[in-house]
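Hi,

Here is the structure I promised to send over. Have a look, and then read on for what I found in it.

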Amino acid sequence: MRVSKRATSAIALSAAVALVATGCSSGGDGETAASGDGAIVIHGVQPENPLVPSNTTETGGGKVVDWLWTGLVEYPNDGGAPRNALAESINTTDSKVFTIKIKKGTKFHDGTEVKSKNFVDAWNWAAYSPNGAQNGSFFSDIQGFDQTYTSDPDGAEGPKKAPAPTAEKLSGLKVIDEQTFEVTLSAPTAVFPTKLGYSAFMPLPDAFFTMKPEEFGKKPIGNGPVKFVSWDDNVLIKLTRFDDYSLRDKMKIKDVDVKLYQDETAAYADVLSNNLDFLESLPTSALAGDKWKTDLGERGRSTVTPTTALIAFPIYDKRFQNAKLRRAVSLSINRQEISDKIFFGTRKPADSWANPLTPGAKPGNCTACKFDPATAKTLLAEAGGFSGEMVFYYNSDSSHKDWMDAVAQQIKTNLNINARAEGVPTFAVFRQNVNAHSMKGPYRAAWQQDYPDVENWINPLYVTGGSSNDGLYSNPEVDALAKQASAAPSLEASHEAFSKAVEKVDQDVPSIPIYFYGQQSGHSEKIKKLELNNVGELDITSVEL
């Protein structure tokens, strides 16, 4: 997943860039003009779905959604506490009833004013399960969700269908006036205001409700600092500055082209030749011997992000429903070797279920992350072994082949399972297979926090029906503990309670944390200043040329 939203805090790319950031540039007015009328081309991949915020759960579309929309709160680039963006105030006395007042006079890209009803209508649409919004479960805190959202009792492949909801709107949402709305939760939830910068909670213009969601998503109307221009599938998404944007984080440049690549190596070559202005994650081929440092010099940078690479299990496949088998696979993987030999030390072996950069996350709580091939063999035998081929899938339009091949080879060597890795050509097709629950083996996954709290690493991933619980893992004990943690009276109490849910997840091993991301990025010579947000994505409002 991913995080929104923009919130600037100076991060110098190099000594030369720091001079610009502190006002010591030798360029003068010419450089300011170059930024104001300038354009950049940045790396992207084909989004899985049309761009509707509450139906976008992957980074290809998510980054574009984050640029097109501005939410109630934003997350500072330096990882600081959330702060108000479109919200004028968010008040509560009991963490159950929230009064939210939005800033007056902000506009959608079609010129209509953003009003409180645009939030209420958008949230009600997402929470009504027949609409099929993938992020619908993010509204489960709100009173009335159990009446608007129902689940298919036997999955997409079963003969039964989800029962019809008994209500179309959340009883916990109420418009007070054009700038104010009230949110009543089903129980006190201390983390609720922290969530409100995530894209699921973005407002939608009145026009959305007059058209089919997929039609809107191909020509989206947001309220952020850039507006949509065009989208040529698998080729290019064009964005341009929204001149009527009135909030703090205005664009310093005019146009942004998101070039949709199928190969990161080709993108890297374009950065080197200054034909691409920003590449968020460099291919593994550039990491060996610090080649990227020689190639890019001051145009390269390295950072760490609250993101974890995982292997997910299709638990809907009977072959992977034995927890001992899943633990055996995990214990047979030498994460340190992958970090050293594939990523040359730029990634850290994962040892916890939530990335330790996340508030409330505890390090070292993944007992299944240890490398213990002897115990793995014993567990595999107790699980009855594994017959046939175990294929590990990944999207081949990003640099995943090397480490996925390494995982498959380690499992083959340490467990004597006929394992191999296989690439799916594009991220969009890969995600379509994941969401259709049609994966035929374990597959590459990653979790990039949506908002800075450990709750985000549990509820969407491991609670039954969670928005990104793609393998259909379900444990009633985890559900009950997570519900208890979500309703804790304080963040401290919530974090402690979530650690109990994590203990159960660790026993079941529904997925396998592999490594914590380190990120190496590169930019062209034309960019004089830029910042990355707290998950390593480009903050386009910071770019100066």
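Is the crossing of helix 11 and helix 13 left-handed or right-handed? It's right-handed, meaning that the near helix is turned clockwise from the far one by less than a right angle.

Before the rest: this is a predicted model, where local features need pLDDT of at least 70 and side-chain atom pairs pLDDT 80 or more, while totals for chains, interfaces and linings use all residues. Residues are numbered from 1 along each chain as its sequence is written, and side-chain values use heavy atoms, without hydrogens or water.

Back to that pair: helix 11 (residues 335-342) and helix 13 (residues 401-415) pack at about 145°, with axes 11 Å apart. The angle is taken between N-to-C directions, from 0 to 180 degrees, with axes fitted to C-alpha atoms over the stretch in contact. Helix 11 brings Glu337, Ile338 and Ile342 to the contact (heavy atoms within 4.5 Å), and helix 13 brings Asp402, Trp403, Ala406, Val407 and Gln410.

Now helix 10 (323-331). Seven of its nine residues are buried (under 20% relative accessible area, 1.4 Å probe, protein chains only). Among them are Arg326 and Arg327. Their cover includes helix 11, helix 13 and helix 17.

Helix 17 (residues 491-508) spans 26 Å from first C-alpha to last. Its buried residues include His495, Phe498 and Asp506, and helix 10 is part of what covers them.

Cheers

Conventions
Helices (H or I, at least four residues) and strands (E, at least two) are DSSP runs, numbered from the N terminus. The expected span of a helix is 1.5 Å times one less than its number of residues. Buried means under 20% relative accessible area, exposed over 50%, partly exposed in between (1.4 Å probe, protein chains only).
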